[in-house]
Amino acid sequence: MPHRRSARDLWILLLFSFTVPLLLLAVVAWRDYNKGFAEAERHVDRSNSVVYEHTLRLFETYAFVLDEIDQYIAGRPWPEIAATPEVHRYLERVEHAFPQVGSLWLADASGRIAGSSRFFPVPVSDVSDRDYHLTLKSGETRFISATYPGRTTGKLAFNVARSRSAPEGAYDGSILASVYVAEFTEFFAQVVPTAGDAVSLVRADGTMLARFPGPPAAIRLLPDSGFMRAVAAAPSGGMFRTSSQGDGVERLYAYRKVGDFPVYVLYGRSTSWILAEWRAQVLFYALFAVPSALLLALVSWLVVRKARAERAALARVAAEVERRQHAEAILQKIQRLEMLGQIAGGIAHDFNNLLMVITSNLYLAQSRGGEPGPAAPFIDTAMQAAYRGGQLTQQLLTFSRQHTVKPEVFDVNVALGPMVDGMLKRSLRGDIAIDTDLVSGLWPVKVDRAQMELAVLNLAVNARDAMPEGGRLTVRTRNVTLDGRGPGGLSGDFVALTLADTGCGIPRDIQDRVFDPFFTTKEVGKGTGLGLSQVYGFATQAGGTVGLDSRPGEGTAITLYLPRSGEGAAQAAAAPAQHPQPAGGAILLVEDSPEIGRTATTLLEGFGYSVMYAENADRALEALGDDTRFDLVFSDIVMPGSMNGLDLARRVRERFPSMPVLLTTGYSNAASTAEKEGFRLLQKPYRPEVLAEAVRDLLNEGAGA
């Protein structure tokens, strides 16, 4: 009996030794099976969100471009659009400003191509049978086409189109942007971590627009496909599992509708890859569970350790996801700022050209009027306003980071005096008093003066909005020495410029975010969230930082810490003469704007020079020939054609080393390059007396050489 009981106990022990590990193995395998699919669901959902954000930005960009073009051609008849080169140049500028767009096209209500960013004049072409024309003509306002190979490039592309706005909703033609599929697939390739994953961009009717891996291959998903059934049940987004119609691989998909556009982004992970990972893990467990009951404790210990390692790995994954989400948020803000900067640069260029024509003609009207007449005060007021407009465009370029940074050594107190008496008092209301507390013996600083003035103006406007019922704004300067424990962890000598208000203050829970781009506590339409970010960017770019001291209900004090300069502050230059003295010489004027060309010619001839006008660089080189009958070349930088103004200046320097060149621009990325290469540069709108002085100086330098 004892033997039987011992054998029975042994069998029970053996059975228990094998059963328990197998049971544990089965439990763990089932748990990991569910966990593997749950993790796969989280992965495809997170990855689909990343793809969605990128795709939404692209389609919003396309919609923005098409809306801007619609506003630009509003009110213009189609014959005028087709015959006007300015429309083509506008489309060409828009295409270059937005690299996400391949090409732009305009078609009238009959289906005839009337405008293009690629050709002028456009070749005769009828698109009345194209899908986008027929769809928009039927009453739809937006359309996205299927993919097609480009006729000239051979690249896969699809069209994003909208109807032109017309009174009473009638169809009046279409505006179309051609988009390269590679714009999407190259990004898809960056977010796909494994060979079993796939990313797709699908139109709402099931037409495949872009896919990675592999080209779309003109696939259109069947009505009973997993995607179409899922969209019918949940149009905005969700998750489904199906075999791919393209490669037959079964995947777990997450999908999401791209804003209000009729397209979806899909991210899928192969179920065979998920199961392979799961089987490999189960096999790993089995190697420890099967041998014998003697290893049961060891197997249990390994399982526990594995579970702990998995939890730690999940924690690391969660931390990595959070870090990536934060980085993606920063990237989105940077891209928005970049877009705003591109728009600001284009506006500044055109606006400065307009101001150039206005100020020059006002000067001519003033100088040719003889004795001051009844209109003289009005001309003076208009001219001052126009020059202030030029200062505003410089501030716009400063915000967009496209203004050439020109640090100079100066006394902050000296710069603040005119600002407080002029700009700040005009920017604030009458119920806000301004006090100044400027310490004597202030150290000099070396920063961009225009950026500092813009920063002070932004702080003053914020203070004004924080005091809706009036109050007091104090402008204060001090010399301070930081020891590394103050704002920004900086150490050394700094000039502290403080603007303190008696307003509502800033809540403590958001004080760490007030310098973030686009963060604002103001109502919609009353603040952009860019003012304080410009202040912070200016201070850090100058080598300093910004300090914030605010108490809710008591007011706010924001301090700019600007590093002390070892150089002495520059003395103010003498003001140029009101009416330049007559001179002499031959000048070649190169300017693509006829209005500015005529005005500049009149100015220079009024100064006593003989002027020959050329509308582009190629004509200028023809006029120069092989002789040196001109004493100076005066050219705009931004011009159409094979060369811009800087290229022309380089060619002149090569052929005629002794001939001086004067360049001018309202905005150009090449401006800083021109100055580095030693060319004299005038910023539009320039004063006539400044033009006369620059020409005279260059001619005198050439004569002295």
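Here is a quick tour of this protein chain, from its overall make-up down to a few single residues.

What you're looking at is a predicted model, in which local features need pLDDT of at least 70 and side-chain atom pairs count only at pLDDT 80 or more, while totals for chains, interfaces and linings use all residues. Residues are numbered from 1 along each chain as its sequence is written, and side-chain values use heavy atoms, with hydrogens and water left out.

**The big picture**

- The protein chain has 17 helices and 23 strands; both are DSSP runs numbered from the N terminus, with helices being H or I of at least four residues and strands being E of at least two.
- Of the 705 residues in the protein chain, 44% are buried. Buried means under 20% relative accessible area, exposed means over 50%, and partly exposed is in between (1.4 Å probe, protein chains only).
- Take the contacts in the protein chain with a separation of 6 or more: 66% of them are between residues 24 or more positions apart. Contact here means heavy atoms within 4.5 Å.

**Nonpolar cores**

- The largest nonpolar core holds 46 residues, and Phe59, Leu106, Phe158, Phe184 and Leu201 have the most contacts inside it. A nonpolar core is a set of buried Ala, Val, Leu, Ile, Met, Phe, Trp, Tyr and Cys residues joined through side-chain atoms within 4.5 Å.
- Helix α1 (residues 2–72) gives this core its largest share, 11 residues.
- Another core, of 39 residues, lies apart from it, and Ala415, Leu416, Val495 and Leu499 are among its members.
- Back in the 46-residue core, Phe184 is in contact with Thr55, Leu58, Phe59, Tyr62, Phe158, Val179, Leu201 and Ala210, leaving aside neighbours within four places in sequence.

**Two helices side by side**

- Helix α14 (residues 617–624) packs with helix α15 (residues 645–655) at an angle of about 20°, and their axes are 10 Å apart. Axes are lines fitted to C-alpha atoms, for helices over the stretch in contact, and angles run from 0 to 180 degrees between N-to-C directions.
- So α14 is roughly parallel to α15. Angles under 35 degrees count as roughly parallel, over 145 as roughly antiparallel, 65 to 115 as roughly perpendicular, and the rest as oblique.
- On the α14 side the contact uses Ala617, Ala620, Leu621 and Leu624, and on the α15 side Leu648, Arg651, Val652 and Arg655.

**Two cis peptide bonds**

- Most peptide bonds are trans.
- Phe212 and Pro213 are joined by a cis peptide bond, with omega about 5°. Pro213 sits in the loop between β8 (208–212) and α6 (226–233).
- Another cis bond runs from Lys684 to Pro685, with omega near -5°, and Pro685 belongs to the loop between β23 (680–683) and α17 (688–704).

**Two residues up close**

- Ser178 is part of strand β6 (residues 174–180), and with a relative accessible area of 8% it is buried.
- Val101 is 77 residues from Ser178 in sequence, yet their C-alpha atoms are 6.4 Å apart in space. Beyond neighbours within four places in sequence, Ser178 has contacts including Val101, Tyr148 and Phe158.
- Pro563 is in strand β18 (residues 555–563) and counts as partly exposed, at 21% relative accessibility.
- Pro563 and Gly492 are 71 residues apart in sequence and 7.8 Å apart in space, C-alpha to C-alpha. Not counting residues up to four places away in sequence, Pro563 touches several residues, among them Pro444, Asp493 and Ala542.
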